[in-house]
Amino acid sequence: MKLHHCKHGGGSLCDMLVIITTLFVPLGYASPSFLSEPVVTKPRHSRLFKSALQQVNLNEQQSDLWTPLVNQGWKPCIDSIATSLSLPDSSGYIQVFLDGGLNQQRMGICDAVAVAKILNATLVIPYLEVNPVWKDTSYFEDIFDVDHFMNVLKDDISIVRELPDEYTWSTREYYASAIRSTRVKNAPLHASANWYLEHVSPVLESYGIAAISPFSHRLAFNNMPVDIQRLRCKVNFEALTFVPHVRDLGDLLVNRLRFCVVQSDDATGTEYLKQVVDTKGIKGAGKFVALHLRFDKDMAAHSACDFGGGKAEKKALARYRKAIWQGRVLNSRFTNEELRNQGRCPLTPEEIGLLLTALGFENNTRLYLASHKVYGGEARISALRKLFPNIEDKKSLASAVERAQINGKASLSAAVDYYVSMHSDIFISASPGNMHNAMVGHRTYLNLKTIRPNMALLGQLFMNQSMNWSDFQAAVVKGRRNRAGKIKMREDKQSIYTYPVPDCVCQQD
């Protein structure tokens, strides 16, 4: 591999990467940062871990590991089957107030467009609630490209950025202060289209406006007209694009992941980026895996699983569960063994490293961490780093100046992770959740490779303390072979955003 300093020069790759003039002259690039709770640093699965360390340089990759998915015989199909060339008269204005993180809000936006369509109503750009955990005050227009959103959907529904003067009283504060006749607060989970016609249409007829809150998960996935299902996918996969500065930073990170490596200068103790010039013959060169660890403190506590941190960690997580959820956590009713057998425990960074090694990824594989803070900090992630030293995140790839517009904004940070993950060669998540579900759906829609760990199988394998490496690897490879490349059809009541087939695709001619 030939390397040279990435300096500002005409026509070079650096031109694509440069944002400030001194980009690659040492900027003090930071190592990936994580939450610093004290946890045990000794690998929990020491027998497998020692074997994995011996495998990483000897392992021959499976020939299909980096190979793109074959054509599945499907194509995106989101155009309306309706023949009308104009929108019907609006029945009034629909407001929704969306809580949760970025990916939950994303699904809520898609459902809001669908409900507006069902009611022939005008949608007000959705209001994003402040997340109580991340405390992000970003508005819709801070994250998503509003002009693009409105333009893509202009033939489907009417959308306004804000209410006309006669309705400016309809605000979040107005509904928080008293019971209001224009607020719809009793929408059941997964409500049918008929429910909205029966309960919300009268409010629109009487007042010209209806504010639906809470709204998350308030529209069913079953028994919906074809046009409504296609519209939901059109919003999710076509209309919702991030604002330009998020896309620009995402492109910057993707280019650096593919074409640059972080190097250390022993003389000065600084780090800088070097461009990879010659990658011929290097397996996986120019490619990277996006890894969503989903191992923050909330996830670790809510799972009620044992992660090897001893009594102190168990007590700390139990206290956190009681403080946040008053102890009302379903998983608390089960033993650690039962939870792992059921696939309810998120994979730790160490376990993800063992999984990737068993699948055939070499130790020079580039990993991008699309995650928030990892519970346990660097101590928890050290085992993964020993197996895969080339771990990067936003802080290790971009300077503070380049990250300035997303600094302190959890939703914008998550948007960058989403964008980079969508442009990765392979995506893998340590546990199901909103990010995992969003990625599985979006990448399925575009026929991109995603590794979906068999959580129940891995839970059982990791509980077997006597298992040797060859048996572990064989079980992992067999488990992946049974799932690799297969599009999972949406089943009854499953989310169209996670499983867009068959609702949002058509057979290719």
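**Helix packing and buried residues**

Tutor: Helix 15 has G377, R380, I381, S382, A383, L384 and L387 as its buried residues. Buried means under 20% relative accessible area, exposed over 50%, and partly exposed in between, with a 1.4 Å probe and protein chains only. Helices (H or I, at least four residues) and strands (E, at least two) are DSSP runs, numbered from the N terminus.

Student: What kind of model is this, and how are residues numbered?

Tutor: The model is predicted, and local features need pLDDT of at least 70, side-chain atom pairs count only at pLDDT 80 or more, while totals for chains, interfaces and linings use all residues. Residues are numbered from 1 along each chain as its sequence is written, and side-chain values use heavy atoms, with hydrogens and water left out.

Student: What covers the buried residues of helix 15?

Tutor: The cover includes helix 2, strand 11 (288–292), helix 12 (310–325), helix 14, strand 12 (366–369) and strand 13 (391–392).

Student: At what angle do helix 14 and helix 15 pack?

Tutor: The angle is about 20 degrees, and the axes are 7 Å apart. Helix 14 is therefore roughly parallel to helix 15, since angles under 35 degrees count as roughly parallel, over 145 as roughly antiparallel, 65 to 115 as roughly perpendicular and the rest as oblique. Axes are lines fitted to C-alpha atoms, for helices over the stretch in contact, and angles run from 0 to 180 degrees between N-to-C directions.

Student: Is the crossing of helix 14 and helix 15 left-handed or right-handed?

Tutor: This crossing is left-handed: the near helix is turned anticlockwise from the far one by less than a right angle, whereas clockwise would be right-handed.

Student: Which residues meet there?

Tutor: From helix 14, P349, E350, I352, G353, L354 and T357 meet R380, I381, A383, L384 and L387 of helix 15. Contact means heavy atoms within 4.5 Å.

Student: Turning to helix 2, which residues are buried?

Tutor: In helix 2 (residues 46–55), L48, F49, S51 and A52 are buried. These residues lie on the same side of helix 2 because they cover an arc of only 165 degrees around the axis, taken from the directions from the helix axis to the C-beta atoms. On the other side of helix 2, K50 and Q54 are exposed.

Student: What do the buried residues of helix 2 pack against?

Tutor: They pack against helix 14 (349–359), helix 15 (377–387), helix 19 (455–463) and helix 20 (469–481).

Student: How do helix 10 and helix 17 cross?

Tutor: The axes of helix 10 (residues 244–259) and helix 17 (residues 410–422) come within 9 Å and cross at roughly 50 degrees, which makes helix 10 oblique to helix 17. Helix 10 passes helix 17 in a right-handed crossing.

Student: And F288, where is that found?

Tutor: F288 is in strand 11, and its relative accessibility of 0% means that F288 counts as buried. Leaving aside neighbours within four places in sequence, its contacts include W66, V254, L257, V420 and I426.

Student: Is R340 buried or exposed?

Tutor: R340 is buried, with a relative accessible area of 5%. R340 lies in helix 13 (residues 336–341), and its contacts beyond four places in sequence include R44, D306, E351 and M463.

Student: Finally, how many helices and strands does the protein have?

Tutor: The protein has 20 helices and 16 strands, and 51% of its 509 residues count as buried.
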